[in-house]
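Keep the viewer open as you read.

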Amino acid sequence: MLPPLPDPFLARMRDLLGSEYHAFWASLHQPPAQGLRVNTLKLTPQAFLARGPFALQPLPWLPEGFLLTDPTARPGKHPYHAAGCYYLQDPSAMLAAVLLDPQPGQAVLDVSAAPGGKATHLAARLRGQGVLVANEVVRGRARTLVENLERLGATAFLVTQEPVARLAQVWPGRFHRVLVDAPCSGEGMFRKSSSARAQWHPRMVEGNAARQERLLEAAAATVAPGGRLLYATCTFAPEENEAVVAHFLRTHPDFTLVTPPRLPGLDPGRPDWIPAPLARGLPLERCVRIWPHRSPGDGHFFALMQRDGVEPAPWLSSPPPSRLKAQTKHLLQTFWEDTLTIPIPPKGWVQYGDFLHYLPWDTDWWQPLRPWRAGWRVGQVRHGRFIPHHALALGLQAPRARRVLVFGAEDPRVLAYLRGETLHAPGNAGWVLIAVEDFPLGWGKRVGDVVKNHYPRSWRWL
Ligand SMILES: C[S@@+](CC[C@H](N)C(=O)[O-])C[C@H]1O[C@@H](n2cnc3c(N)ncnc32)[C@H](O)[C@@H]1O
């Protein structure tokens with residue numbers, strides 16, 4: 001049971017929306033829409049539809065975005081979810097990557113990225129070329145962010161846990177695309193979020209606006225000449241939306257609001273809802289408002305801005321020379337040749353503590369930061385042995401291994417594996433890749449007729 005909608009919020013929205021208020025109010029009492037975004041790092045939307053696990057309705061904004069139309073479906077408990085075939089995301093939130101439109105090979109920064117809905121989408125649009133830096137200041141949330149990026153098979157990313165001002169110091173003018181998905185009063189999520197309703201207070205709106213201005217200011221310094229900056233919130237309050245953008249544009253004359261694409265359900269910004277002297281002369285109607293009574297998803301706000309100048313060319317980086325001790329290199333090579341059917345990359349191998357990572361770019365550009373995660377974590381050397389990491393399995397394009405157990409989505413052995421159970425499957429001894437159809441899920445290790453379960457404990461289904 002959700003707490004009641006706050007009265008001062010309703011009073012403000014009644015004043016702002018006039019005759020539309022009743023439709024808006026009614027929409028907040030509807031069940032929230034469930035969105036599903038197909039992970040194009042793993043499969044095309046057409047291939048997903050052909051597998052037909054759920055009843056879906058296409059969204060008008062992007063080929064990979066859908067609405068789930070069966071309220072009884074449990075997409076979070078389907079093996080395709082564990083295999084990273086899709087991300088469950090509010091339909092409006094999917095617009096961030098559509099508007100920011102990163103191109104393969106670009107450098108992209110998401111300054112407040114956890115739990116990773118928009119970051120995983122940006123990674124998919126980059127198609128593994130270039131780099132995504134996903135930053136999150138809250139430690140526990142940064143962990144979830146890494147898990148989601150790994151589940152969806154992203155490999156060309158950094159996760160950092162830094163104040164945005166620090167990112168600006170280290171990376172001035174570095175990124176082709178920057179996303180500021182700002183912490184906000186969350187009014188757009190009132191349809192589904194008890195905590196957003198319970199925590200809301202008029203003073204929260206003021207406090208957020210000041211924090212959002214600081215975040216935007218710092219993030220702007222990381223945008224390359226000709227690059228794009230997307231400011232996003234999931235709230236309706238003009239103080240956190242048009243007013244923040246207006247303050248920013250007044251102090252950053254090198255940024256201009258970009259006219260958004262014409263798409264159904266995208267409504268213009270409302271310069272008339274903020275003080276006239278602040279709005280004067282600024283094309284704030286180029287901001288985008290998504291209303292829950294006029295589009296399928298939750299409430300959202302976007303402002304896409306471009307910095308003056310000529311955009312730099314995409315990154316032309318190549319993997320660094322490998323820096324592994326001879327024994328570690330031997331362990332990795334032996335595992336790879338014994339287990340996988342794809343050639344081992346000759347360069348790009350780096351060791352962090354016990355962990356081995358593959359990096360598609362050199363390591364010097366993020367000094368002096370110490371990222372939480374860099375590139376593709378493939379395994380760990382423990383007690384003189386190589387143990388493959390689950391991110392290696394999930395980052396493979398297909399079950400390209402010498403020993404595989406491939407199950408259908410309905411096979412009870414898939415659920416047994418996801419619950420952490422041992423499998424009985426005679427065959428050659430060694431590491432076994434477990435897959436649901438074409439999609440790797442994780443590792444097992446076969447001894448005799450038994451495949452010991454190596455699915456991460458914290459991911460196991462109850
Ligand atoms: C709207 S959420 C981000 C959602 C995320 N982009 C996604 O699509 O899954 C805002 C994030 O900002 C983070 N945050 C809070 N205070 C912050 C600050 N001062 N600087 C940067 N990020 C902050 C929160 O921890 C939260 O993860």
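**Around the ligand**

The ligand is surrounded by 17 residues, and the closest are Ser112, Gly117, Glu136, Arg141 and Asp181; a residue is counted here if one of its heavy atoms lies within 4 Å of the ligand. Before going further, note that this is a predicted model, in which local features need pLDDT of at least 70 and side-chain atom pairs count only at pLDDT 80 or more, while totals for chains, interfaces and linings use all residues. Residues are numbered from 1 along each chain as its sequence is written, and side-chain values use heavy atoms, with hydrogens and water left out.

Now look at individual polar contacts (pairs of N or O atoms within 3.5 Å). Asp181 places a polar side-chain atom 2.7 Å from a nitrogen atom of the ligand. For Arg211, a polar side-chain atom lies 3.4 Å from a ligand nitrogen atom. Pro115 takes part through its backbone, with an N or O atom 3.4 Å from an oxygen atom of the ligand. Taken alone, the ligand exposes 600 Å², and the protein buries 81% of that (areas by the Shrake-Rupley method with a 1.4 Å probe).

Which elements give two or more residues to the shell around the ligand? They are α6 (117-126) and α10 (202-220); helices (H or I, at least four residues) and strands (E, at least two) are DSSP runs, numbered from the N terminus.

Back to Pro115 for its backbone geometry. This residue is in the loop between β5 (107-110) and α6, and a cis peptide bond with omega of about 5° joins Ala114 to Pro115. Another cis peptide bond links Gln367 and Pro368, with omega of about 5°; Pro368 belongs to the loop between β15 (355-358) and β16 (373-374). Although Arg127 is not a glycine, its phi is positive, at about 55°.

Finally, zoom out. The protein chain is divided into domain 1 (90-307), domain 2 (317-396) and domain 3 (398-462), with bounds from an automatic or database domain assignment. Between the C-alpha centres of domain 1 and domain 3 there are 39 Å.

Note on methods. Polar contact = N/O pair within 3.5 Å; in protein donor to acceptor, adjacent residues only side chain to side chain.
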